[in-house]
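Please report on the local features of this model.

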Amino acid sequence: MVIVTTIRREVLTLPAAQLGPDNPLPALRPLDEMHRIEDRDRDGLPRDMARQVGYAPLHSLLPVRVRDGYGRAREPRPVDALVLENDRLRATVLPGLGGRVASLVHKPTGRELLYRNPVLQPANFALNGAWYSGGIEWNIGATGHTTLSCSPLHAARVPAPDGGQMLRLWEWERLRDLPFQVDLWLPEGSDFLYVGVRIRNPHERETPTYWWSNIAVPEERRVLAPADEAWHFGYERRLRRVPVPSYDGVDRTYPLNSVYPADYFYEVPEGRRRWIAALDEHGHGLVQTSTDVLRGRKLFVWGSGPGGRRWQEWLTEPGTGGYCEIQAGLARTQLEHVPLAAGTEVAWLEAYGPLDAPPPDGEWGSAVARTEAHLDAALPRADVDAAYAAWRPHADAEPGEILHTGSGWGALEVLRGDWKLPGTPFAESTIKEAQEPWRELLRSGSFPEPRRVRPPGESLVAPHWRDMLETAPATPLTEYHLGIAQWQAGDRAQAVRSWERALELAPSLWPLLRCLAVADQEAGHHERAADRYAEAFDDLCQERREGEQWTAATAALGREAIEALLKVRRPERARAVWERVHPETRARGRFRLLEAELLLAEGRPERARAVFDEGFEVADLREGDERIGQVWERAEGGELPERYEFRMRPPSS
């Protein structure tokens, strides 16, 4: 048999905004995640669902850094791609950007099966900030879009179950400290892209686990799944069971029928085949199905209201068409995490392909039955189970040609744990500058002092690293990192003591003062926090040098200092900080909004209104953030202009 499946490198040229530097300040504050519910909504949930909603929710981004250095100036830039192709399908994967499947083309018809974003525009939707829309993304870690959305993954060729080639993607997910892999292959003559996924827990403890495969498709579709009920979650943060397809007299399976953005988590009955499809008026579109381990199915809609339409324009180019998301996950909803026992793994197989079925309109039960019958004809459920069984022995196959390199964090963890992870090698050669001090701590028991003045590097907070820091010589930098690890562990008093000890000998005071300022804020001591922020910014300005890292540190600390000073009504001191922020930073949209708040605090609402009239774009505006509208109201601006309309819920909510 001649195998015609190929994997090749390609370079795409896309209008893209630069990601810029990460925020160098450790993410000490509680996680700002919209997908949480009130305790009252837990009453009446199915028992397993209620347990998993309350199971080990993530409270912090540590050790991951916030990615907020991007802007909105797009220009043609090269983007590395890997193209997986047989005689029926062509899949384009972006290994440097989370391993996303950016395009899936059905070659006989020429149809693009996904929503393919024509631009690369980061926006603040990932757990740690930068994320972009379109394609198929792999979300692991905790509720929300993965911190790896805009990060490189390891990629290599691997033998496929049918003797052809398979593309393996793998990385170390740092929020939960878990390695994972995604294997993609196209059997000869197949209209379906097969995707094998495995998450492993090498630890001697149970670990919370999360996974949702997120598929962007054009929104002029009807979304079908084998369910008569769904769990509705909106930005009012309420979770409630609703009938499918219609409630409040509106058929919600047509994405544009909803006004506001919302999630619909389908209640697929036990024993039913797991699938979800998005079909146009003629019955053409994409279907996703899987083995039963991937239990959940979801529809996300932006809705037809002004906020949802504005977000769609924000994430792509106006006039390029909107999209919705169909998703598949390990639990009923994205509010849940599931336990992964020590030393075990969870694995499943997904399939993505075209579906040509009768038009999906009409009575719901009949439309679902017709669609499922055509899926069964195109790809029987037994074939999916057989493909999974064929893939499992290949999941441990060692990669061949390396096609892309991810981070060195997995190599550091494998080195520390002396773990053997067949199929996903984390070579020590991938350890780079960010990991090097931690390798030195592992080898020598001492954390090295930097050779030049610069902002502190990344912190590690897992118990094993905290233990090593506690026994290492108590240098100022060691105490800084130890305090962050203690903070993450919930020992805030000890963290403060570590940072205060470090202040006595530290050559750089501002990183420690900033940590202490956050601790003061979290404890409700806002006046003292403002004092420490002002002192920290003064110290940074005396120490800073030229370069991207220093500019990022000045922007991050300056923003926090101004906000802290405004909170305690010290606009004069806030203005002094503002004046020392780099001019190019002050021109960014986030700082223009902050300038309007500063002007309001100074009693100059007309100047604050002028900032809005001059126009700005807050590139890192957070999903669900209503701050622009709130500042506009304080400036007595009247009706909010369309360009600033990003509200994702009804005004009364």
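C541 is buried, at 19% relative accessible area; buried means under 20%, exposed over 50% and partly exposed in between, with a 1.4 Å probe and protein chains only. C515 is buried too, at 0% relative accessibility. The sulfur of C541 lies 18 Å from the closest cysteine sulfur, that of C515, which is too far for a bond. A disulfide is a pair of cysteine sulfur atoms within 2.5 Å. The structure holds zero disulfides. C515 is accordingly in no disulfide.

This is a predicted model, in which local features need pLDDT of at least 70, side-chain atom pairs count only at pLDDT 80 or more, and totals for chains, interfaces and linings use all residues. Residues are numbered from 1 along each chain as its sequence is written, and side-chain values use heavy atoms, with hydrogens and water left out.

**Helix pairs**

Helices (H or I, at least four residues) and strands (E, at least two) are DSSP runs, numbered from the N terminus. Axes are lines fitted to C-alpha atoms, for helices over the stretch in contact, and angles run from 0 to 180 degrees between N-to-C directions.

| Helix pair | Axis distance | Angle |
|---|---|---|
| α11 (residues 526-543) and α12 (residues 548-567) | within 9 Å | roughly 155° |
| α8 (residues 476-488) and α9 (residues 492-503) | within 8 Å | roughly 165° |
| α15 (residues 589-601) and α17 (residues 627-634) | 10 Å | about 30° |

Angles under 35 degrees count as roughly parallel, over 145 as roughly antiparallel, 65 to 115 as roughly perpendicular and the rest as oblique.

Take α11 and α12. Their axes cross at roughly 155°. That makes α11 roughly antiparallel to α12. Their crossing is left-handed: the near helix is turned anticlockwise from the far one by less than a right angle, whereas clockwise would be right-handed. Contact means heavy atoms within 4.5 Å. On the α11 side, the contact is made by H526, A530, Y533, A536, F537, L540 and E543. They meet W550, A553, T554, L557, G558, E560, A561, A564, L565 and K567 in α12. By class, this contact has eleven nonpolar, three polar and three charged residues. Ala, Val, Leu, Ile, Met, Phe, Trp, Tyr, Cys and Pro count as nonpolar, Asp, Glu, Lys and Arg as charged, and the others, Gly among them, as polar.

Next come α8 and α9. These helices are roughly antiparallel to each other. α8 passes α9 in a left-handed crossing. From α8, the residues in contact are P476, E479, Y480, L482, G483, I484, Q486 and W487. Their partners in α9 are R492, Q494, A495, S498, W499, R501 and A502. The contact divides into eight nonpolar, four polar and three charged residues.

The crossing of α15 and α17 is left-handed. R590, L593, L594, A596, E597 and L600 of α15 contact R627, I628, V631 and R634 of α17. This contact has six nonpolar, no polar and four charged residues.

α8 also takes part in another packing site. Helix α7 (residues 463-471) has the buried residues H464, W465, R466, M468 and L469. They pack against α5 (409-417), α6 (436-444) and α8.

**Backbone and loops**

Which prolines follow cis peptide bonds? The bond from L62 to P63 is cis, with omega near 10°. P63 lies in the loop between α1 (47-53) and β2 (74-85). A cis peptide bond also joins V244 and P245, with omega about 10°. P245 sits in the loop between β17 (239-243) and β18 (246-247).

The loop between α1 and β2 also holds A56. Phi of A56 is near 45°, a positive value in a residue other than glycine. A56 is partly exposed, at 28% relative accessibility. D418 has a positive phi as well, near 55°. D418 is in the loop between α5 and α6. At 58% relative accessibility, D418 is exposed.

G141 lies in the loop between β8 (136-140) and β9 (154-159). G141 is buried, at 1% relative accessibility. Leaving aside residues up to four places away in sequence, G141 touches E173, R176, Y210 and H337. G141 and Y210 are 69 residues apart in sequence, yet 5.4 Å apart in space, C-alpha to C-alpha.
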